Amino acid sequence: MLTQGSGSRIKGGVLISRLNMLRHHGGQGRVDEVLRRLPAEDQALLRKMLLPVGWYPLELNLRLDAAIAGVVSPEDEDRAFLEMGRASADEALHGAQHVFVKEGEPHFLLTQAPQIYRFYYAVGSRTYEPTGPSSGVLRTFGAENVTVPDCLTIIGWHTRAIELCGGRAVRISHPMCRARGAPHCEYHCAWE
């Protein structure tokens with residue numbers, strides 16, 4: 001695992017879900033196309049076996065996400081980041097994190113936000129506050145290297161997670177963002 005950069009880290013499961021998404025939507029050729037856009041050191045690491053619970057530099061994930069967006073959806077990169085988040089939720093919540101999914105109970109999953117956050121990030125925390133029968137607010141504090149694209153993947157992840165718990169017509173707004181100068185990130189979730 002690389003250890004350079006700011007020290008911000010992310011779990012290998014995130015990187016694996018990104019590569020699996022590419023394989024699902026274009027095979028190994030799509031993976032190779034994306035990897036060619038990255039520095040040689042990144043390519044070498046991403047071509048090795050990644051450990052789902054291993055820690056990797058967040059900067060590597062940010063570069064990979066940018067390369068994926070540039071290949072998959074250059075005309076609408078925001079959509080690509082949302083889709084990466086959705087794919088990550090599908091993989092995690094149909095896999096090791098399936099225990100967080102209870103049909104008809106999005107609040108159950110969302111109340112697990114502090115624990116779920118630890119599956120992905122080494123620094124910072126996330127809270128959840130229900131605001132109604134089908135709404136609530138997620139807040140992220142102390143995260144490092146907050147970027148608008150990463151926030152979009154978080155929106156995509158939680159949109160899909162709520163859907164997997166039976167929520168329909170899911171809407172998530174992001175009125176406060178550290179990448180835009182706010183003291184923390186806030187995600188307002190609502191569903192039917």
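This is a predicted model: local features need pLDDT of at least 70, side-chain atom pairs count only at pLDDT 80 or more; totals for chains, interfaces and linings use all residues.
Q: What does the pLDDT average over the protein chain?
A: The average is 93, and 96% of the residues score at least 70; pLDDT is the predictor's confidence in each residue, from 0 to 100. Over residues 1–6 the pLDDT is below 50, although this stretch has 15 contacts in the model beyond near neighbours in sequence. Contact means heavy atoms within 4.5 Å.

Q: How many residues are in α1, and what is its reach?
A: Helix α1 covers residues 12–24, 13 residues, and spans 18 Å from its first C-alpha to its last, close to the 18 Å expected at 1.5 Å a residue. The expected span is 1.5 Å times one less than the number of residues. Helices (H or I, at least four residues) and strands (E, at least two) are DSSP runs, numbered from the N terminus.

Q: Which residues of α1 are buried?
A: Among them are Val14, Leu15, Ile16, Arg18 and Leu19. Buried means under 20% relative accessible area, exposed over 50%, and partly exposed in between, with a 1.4 Å probe and protein chains only. Just after α1, Gly26 takes a positive phi of about 150°.

Q: And in α2, which residues are buried?
A: In helix α2 (residues 27–35), Val31, Val34 and Leu35 are buried. They lie on the same side of α2 because they cover an arc of only 95° around the axis, the arc being that of the directions from the helix axis to the C-beta atoms.

Q: What do the buried residues of α2 pack against?
A: They pack against α1, α3 (40–46) and α4 (58–72).

Q: Changing topic, how many aromatic pairs are there?
A: The count is 3 aromatic pairs. Rings of Phe, Tyr and Trp (its six-membered ring) pair if their centres lie within 6.5 Å; planes under 30 degrees apart count as stacked, over 60 as edge-to-face and the rest as tilted. Phe100 and Phe119 form an edge-to-face pair, 6.0 Å centre to centre with 75° between the planes.

Q: Where do Phe100 and Phe119 lie?
A: Phe100 is in the loop between α5 (77–93) and α6 (106–111), and Phe119 is in the loop between α7 (113–118) and β3 (125–132), so the pair links distant parts of the chain, 19 residues apart. Phe100 counts as buried at 8% relative accessibility, whereas Phe119 is partly exposed at 37%.

Q: Which charged residues sit over rings?
A: The charged end of Arg9 sits over the ring of Trp55, 4.9 Å from its centre, and Lys102 lies over the face of Phe108, at 4.2 Å from the ring centre. The rule requires NZ of Lys or CZ of Arg within 6 Å of the ring centre and within 35 degrees of the ring normal.

Q: What is Leu93 in contact with?
A: Leaving aside neighbours within four places in sequence, Leu93 is in contact with residues including Phe100, Leu109 and Trp157. Leu93 lies in helix α5 and counts as buried at 3% relative accessibility.

Q: Finally, what is the phi of Ala169?
A: Ala169 has a positive phi of about 50° although it is not a glycine. Most residues other than glycine have a negative phi. Ala169 lies in the loop between α8 (148–164) and β5 (171–176) and is partly exposed, with a relative accessible area of 44%.

Technical notes
Residues are numbered from 1 along each chain as its sequence is written. Side-chain values use heavy atoms; hydrogens and water are left out.
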